[in-house]
Structures are given as C-alpha cells and as structure tokens.
Amino acid sequence: MSHTLEEKFEAMVKIRDELLHLTNSPLYSYRIANKYFPVVGEGSHTAKIMFIGEAPGKNEAETGRPFCGKSGKILDEMLESIQLNRSDVYITNILKDRPEDNRDPKPEEIALYSTFLDRQIEIVQPKVIATLGRFSMEYILNLFGLKDKLSTISEMHGQEFISTTNYGPVVIFPLYHPAITSYNGGSKTVLLEDFQKLKKYV
Ligand code: URA
C-alpha cells in the first residue's frame, strides 16, 4: 500500500509518541534517569535508500538524532562521496534507545524495538536497505527471508541481496558499521568502495 506524504509523516509521529511512552522497554528507566531521548530516525520519508544502524550512542540519545557523533561524521563523509546528504536518505537504528555503556543489543531488545523498525520500512518503502553493522544485517536478512544467505559481515559487505516486500522488490546491502574506521585503518577505503556500489540506486 502506498501512503501520501501526510500519512507517512503522521505514521512516524505515532511511532515517536509510542516510543516516548515505551515504559515496558528495559531501556526506558535508563533513558529517563539520563534525560535521554528515544531516537526515531531522520531523513526523507520517500527515500530510495534506508540506512539501519544498531542503537543510539550517547550523542544520539542526548539529541534524539541518529548518527550525530563520531560514527555519524563517517556516515556523512560516505554519503558525500556519492553526492548524497542526509535529507536524500532515511537513517535509523534497530534499537531506538541507548543501551548502557554502548553494549550490544540484547535479543529481547531487538524483538521489542524492531517492531518500530518494521513499521518504518513499511512507511518509507525503500528500494534499498543498507545495513550498518552485523546486528542490523542479521535482523534484516532474517526479516526478508534471506537467513540462508547469512554469513560473516566480512564476507557479506558490499554485496546485494534481492528480496520482495508487499510494495515490490528490495535490495539488501550489508555494510560495515562506520565505527569500524576508528579501530581498523584500512576499513575506510573498503567502506568508500562499498558506498560507490550504492551510487546506481541514487
Ligand atoms: N551507532 C549506531 O549504530 N547508531 C547511531 O545512531 C550512532 C552510532
């Protein structure tokens, strides 16, 4: 089903409101105690490309914006390398609240927050879903019936996997998480090369 721009906007606002009051989340009290915000997502509701990261970090939880810290700078640089900016794409995460000490998301947290992500995919209806890091790669491949293709991110990054949705075909494109560049010097070149392959969808 396609939605008007207004319907898309309202559906995103509904998600934001539900997240604000997500008292059954194991991360809710941590959010409140730290005066953090849930991080819904940012960008165009009609984007062809949707980027999905793992979970908000400290900067993101403090501002309510995805990828606005160190990893975000790398992501911006990657987008620029293919003449895109944030308003051309949609950027979000699986988890919408920050796990304490930036630990890995727990399966029950992924189960809870991914219901919001599923709705966001349905709203934006992207032609390409670029996953950032192994958590979103695993979640999205499972979601789109590609579990049998699942391997390590070092084998899967930069490859296209085709699936179908109720709004048409979708390309799943696993990428390394931008944070990798802070501990693996050579990875920036790899990320830049992988982004070049996204160019044809722009
Ligand atoms: N890392 C993520 O996975 N998401 C963000 O929004 C920021 C850092």
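**Exercise 1. The crossing of H4 and H8**

H4 passes H8 in a right-handed crossing. The model is a predicted one. Task: state at what angle H4 and H8 pack, how they are oriented to each other, and which residues make the contact.

Solution. 
- Step 1. Two packed helices are described by the angle between their axes and the distance between the axes.
- Step 2. Helix H4 covers residues 70–81, and its axis lies 9 Å from that of H8, at an angle of about 45°.
- Step 3. On the H4 side the contact is made by Ile 74, Leu 75, Glu 77, Met 78, Leu 79 and Ser 81. H8 contributes Lys 188, Leu 191, Leu 192, Phe 195 and Gln 196.

**Exercise 2. Aromatic pairs**

Task: find how many aromatic pairs the structure holds, and decide for the rings of Tyr 30 and Tyr 36 and of Phe 51 and Phe 195 whether they are stacked or edge-to-face.

Solution. 
- Step 1. There are two aromatic pairs in the structure.
- Step 2. The ring centres of Tyr 30 and Tyr 36 are 5.7 Å apart, with 80° between the planes. Planes over 60 degrees apart count as edge-to-face, so the Tyr 30 and Tyr 36 pair is edge-to-face.
- Step 3. Tyr 30 is partly exposed, at a relative accessible area of 22%, whereas Tyr 36 is buried at 9%.
- Step 4. For Phe 51 and Phe 195 the centres are 5.7 Å apart and the planes 5° apart, and this pair is stacked.
- Step 5. Phe 51 belongs to strand S2 (residues 49–53) and Phe 195 to helix H8 (residues 187–198), so the pair ties together parts that are 144 residues apart in sequence. Both Phe 51 and Phe 195 are buried.

**Exercise 3. Two further helix pairs**

Task: describe how H5 is oriented to H6 and to H1, and list the contacts of each pair.

Solution. 
- Step 1. Helix H5 (residues 107–124) and helix H6 (residues 134–143) have axes that come within 12 Å and cross at roughly 65°. H5 and H6 are therefore roughly perpendicular to each other.
- Step 2. The crossing of H5 past H6 is right-handed.
- Step 3. From H5, the residues Ile 110, Ser 114, Leu 117, Asp 118 and Ile 121 meet Phe 135, Tyr 139, Ile 140 and Leu 143 of H6.
- Step 4. Helix H1 (residues 5–20) and H5 have axes that come within 10 Å and cross at roughly 170°. That makes H1 and H5 roughly antiparallel to each other.
- Step 5. H1 makes this contact through Lys 8, Ala 11, Met 12, Lys 14, Ile 15, Glu 18 and Leu 19. The partners in H5 are Tyr 113, Phe 116, Arg 119, Gln 120, Ile 123 and Val 124.

**Exercise 4. The buried residues of H6**

Task: name the buried residues of H6, the elements they pack against, and the residue with positive phi that follows H6.

Solution. 
- Step 1. Buried in H6 are Phe 135, Ser 136, Met 137, Tyr 139, Ile 140 and Leu 141.
- Step 2. These buried residues of H6 pack against S2, H5, strand S4 (128–132), helix H7 (153–156) and strand S6 (168–175).
- Step 3. Gly 145 follows H6, and its phi is positive, near 70°.

Note on methods. Residues are numbered from 1 along each chain as its sequence is written. This is a predicted model: local features need pLDDT of at least 70, side-chain atom pairs count only at pLDDT 80 or more; totals for chains, interfaces and linings use all residues. Side-chain values use heavy atoms; hydrogens and water are left out. Rings of Phe, Tyr and Trp (its six-membered ring) pair if their centres lie within 6.5 Å; planes under 30 degrees apart count as stacked, over 60 as edge-to-face and the rest as tilted. Buried means under 20% relative accessible area, exposed over 50%, partly exposed in between (1.4 Å probe, protein chains only). Helices (H or I, at least four residues) and strands (E, at least two) are DSSP runs, numbered from the N terminus. Axes are lines fitted to C-alpha atoms, for helices over the stretch in contact, and angles run from 0 to 180 degrees between N-to-C directions. Angles under 35 degrees count as roughly parallel, over 145 as roughly antiparallel, 65 to 115 as roughly perpendicular and the rest as oblique. A crossing is left-handed if the near helix is turned anticlockwise from the far one by less than a right angle, and right-handed if clockwise. Contact means heavy atoms within 4.5 Å.
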